[in-house]
Amino acid sequence: MLMRLSGPAELDLSTFLSQLKPDLPTSTNQGAGDAAFQRWFRVKEAFSPLFVRDVIAHLPHPPSTCLDCFGGSGTTALTCQFMGIAPTTIELNPFLADLIEAKLTSFDPRAVAADRLTIGRTVDAIEIDLAAIYANAPPTLYEPGAGGRWIFDIDVMKRIAQYRGAIAELANERQRRLFTVILGSTLIHLSNVVINGKGRRYRGGWQRNRRTARAVDVAFEAAYDNALFDVSRLTRRAHPGYTLLRGDARSRLTELNGTYDLVLFSPPYPNSFDYTDIYNLELWVLGYLSSGEDNVSLRRSTLRSHVQIKREASMPASPSPTLAGVVTALDEVADRLWSRQIPGMIGSYFADLEVVMRECAQRLTPDGRIAMVVGDSRYADVVVPVARVLAEIGEGLGLTTDRLQVLRPMRASAQQGGEHLLSEDLLVLKSA
Ligand SMILES: C[S@@+](CC[C@H](N)C(=O)[O-])C[C@H]1O[C@@H](n2cnc3c(N)ncnc32)[C@H](O)[C@@H]1O
């Protein structure tokens, strides 16, 4: 483990970017999964660092401050650190917030390696009582599960809990966070489920292919190796500081006193993918959730981009003729929608983003830009052209469109009507 430390020289932004496959298009947010830091944990619709760099390169002036209200895996903030831009990030999901913070923290690799040795020495002796640790977790979390299904085989769950216990005993809080993230990054691989476009499903033949405690040791060591390699090598951050706010962007934004040259974010798309639900395993297994109420309250704080949790509907205050037409069209096909909540959810989605855009506009420097990556949705035959609606809402907030660019065609999910191509766009707004 320590041998890594005398390895490659410390490297900088260009190396960070060169980790990406050279044939990648530079203007989408796809394909950066194996790059340094990105590989720690895969978040759906995560930016690539090259994309962040491209957006910054198109600004009229190099920014010195940048705000991302929907941090996800932290790509905006991390790229900004390497480019010498002060990053501020907000993220609701506490595991993802820890992932972001672990990436933005500069570690002493020798101290990290020493803690890895401590975990190796203590983990076998950690006594665990799964029934007590996971008293309120969903019954399918581990074997024997419920209804003949379980997400973790029992030996795997026990070993993971031992690692969790060993990490909890580390004295250094930042390193505890890093090792928690490392453990979290192994969980899907160690489980009996996979995450696909729409959610979680059991792997084919999971009952036959049982995973072992040894698989936990191997996965933890591999994830640790990657993380140590990245934190040891990519150390030259031109701006090592960061601001991270945990919680709901709609309320936390109001607490920010700074101004921003660039606001860059990608909110969840109005396609009924609930990030808090999909990335729920990490939350339960690592102890971020300890009751069903915790879970509901976290899910209630998510942007209203899905109908899985029922909430009051509302419409944005700023006029959008396109949105009015979409909601009317959805009402007309109400009997063909898979949920009666969909028209209300669409209006509410834009009401939430209006709140976010208003708060961001108030904190924009005079020549600043708000850049958003958004994806269209389709319900029955009705397409929701998200960027166009946001551009109209922006006008009501005193913002004008600087750039509207198609990034890639997206395939609609089966629930959204299958085959049809929808667009994912970059919308850049500036003060009118
Ligand atoms: C599309 S992802 C962002 C991906 C990010 N650009 C990246 O590069 O990884 C959207 C994120 O918004 C977060 N989110 C959802 N509702 C939120 C809210 N109300 N406040 C803050 N973050 C929220 C989700 O947890 C998810 O991580």
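Let me start with Ala380, which is buried because its relative accessible area is 18%. Buried here means under 20%, exposed means over 50%, and partly exposed lies in between, with a 1.4 Å probe and protein chains only. Areas come from the Shrake-Rupley method with that 1.4 Å probe, and for residues only the protein chains shown count as cover.

The model is predicted, so local features need pLDDT of at least 70 and side-chain atom pairs need pLDDT 80 or more, while totals for chains, interfaces and linings use all residues. Numbering runs from 1 along each chain as its sequence is written, and side-chain values use heavy atoms, without hydrogens or water.

Back to Ala380. It sits in the loop between strand 8 (377–379) and strand 9 (382–384). Helices (H or I, at least four residues) and strands (E, at least two) are DSSP runs, numbered from the N terminus.

Glu45 is another case. Its phi is positive, about 60°, and it is not a glycine either. Look for Glu45 in the loop between helix 1 (13–18) and helix 2 (49–57). Glu45 counts as buried because its relative accessibility is 14%.

What does the side chain of Glu45 touch? It makes a polar contact of 3.0 Å with the side chain of Arg408. A polar contact is a pair of N or O atoms within 3.5 Å; within protein, one must be able to donate a hydrogen and the other to accept it, and sequence neighbours count only if both atoms are side-chain atoms. Arg408 belongs to strand 10 (residues 399–411). Arg408 also pairs, side chain to side chain, with Glu424 at 2.7 Å. Is Arg408 buried or exposed? Buried, because its relative accessibility is 19%.

One more backbone point. The peptide bond joining Glu143 and Pro144 is cis, with omega about 15°. Pro144 is in the loop between helix 6 (130–133) and helix 7 (154–168).

Now the ligand. There are 23 residues around it, and Phe47, Ser73, Glu91, Asp248 and Ala249 come nearest. A polar backbone atom of Phe47 is 2.8 Å from a ligand oxygen. A backbone N or O atom of Ser301 lies 3.0 Å from a ligand nitrogen. A polar backbone atom of Leu92 is 3.4 Å from a ligand nitrogen. How much of the ligand does the protein bury? Taken alone, the ligand exposes 610 Å², and 99% of that is buried by the protein.

Next, the cavities. A cavity is a set of points, on a 1 Å grid over the protein atoms alone, where a 1.4 Å probe fits but cannot get out; lining residues have an atom within 4 Å of a point. Points join across faces, edges and corners, and the volume is the space filled by probe spheres set on them. The count is two cavities of 30 Å³ or more. The largest cavity has a volume of about 430 Å³. Its lining has 35 residues, and the closest to its centre are Phe70, Gly72, Glu91, Ser266 and Pro268. Which elements supply at least two lining residues each? Helix 3 (75–83), strand 2 (86–91), helix 11 (249–252) and helix 12 (275–278). The lining divides into 14 nonpolar, 14 polar and seven charged residues. Charged means Asp, Glu, Lys and Arg; nonpolar means Ala, Val, Leu, Ile, Met, Phe, Trp, Tyr, Cys and Pro; the others, Gly among them, are polar.

Last, some helix and loop positions.

Leu104 lies in helix 4 (residues 94–104). Leu104 is buried, because its relative accessible area is 1%. Its C-alpha is 9.4 Å from that of Leu244, 140 residues apart along the chain.

Arg159, in helix 7, counts as buried at 11% relative accessibility. Arg159 and Arg214 are 55 residues apart in sequence, and their C-alpha atoms are 8.5 Å apart.

Arg121 lies in helix 5 (residues 109–122). Arg121 counts as exposed because its relative accessibility is 63%. Arg121 and Ala166 are 45 residues apart along the chain, with 9.0 Å between their C-alpha atoms.

Ala171 is in the loop between helix 7 and helix 8 (173–184). At 77% relative accessibility, Ala171 counts as exposed.

How values were computed:
1 Å grid on protein atoms, 1.4 Å probe; cavity = no way out; pocket = protein on both sides within 12 Å on 5 of 7 lines; lining within 4 Å. Near = heavy atom within 4 Å.
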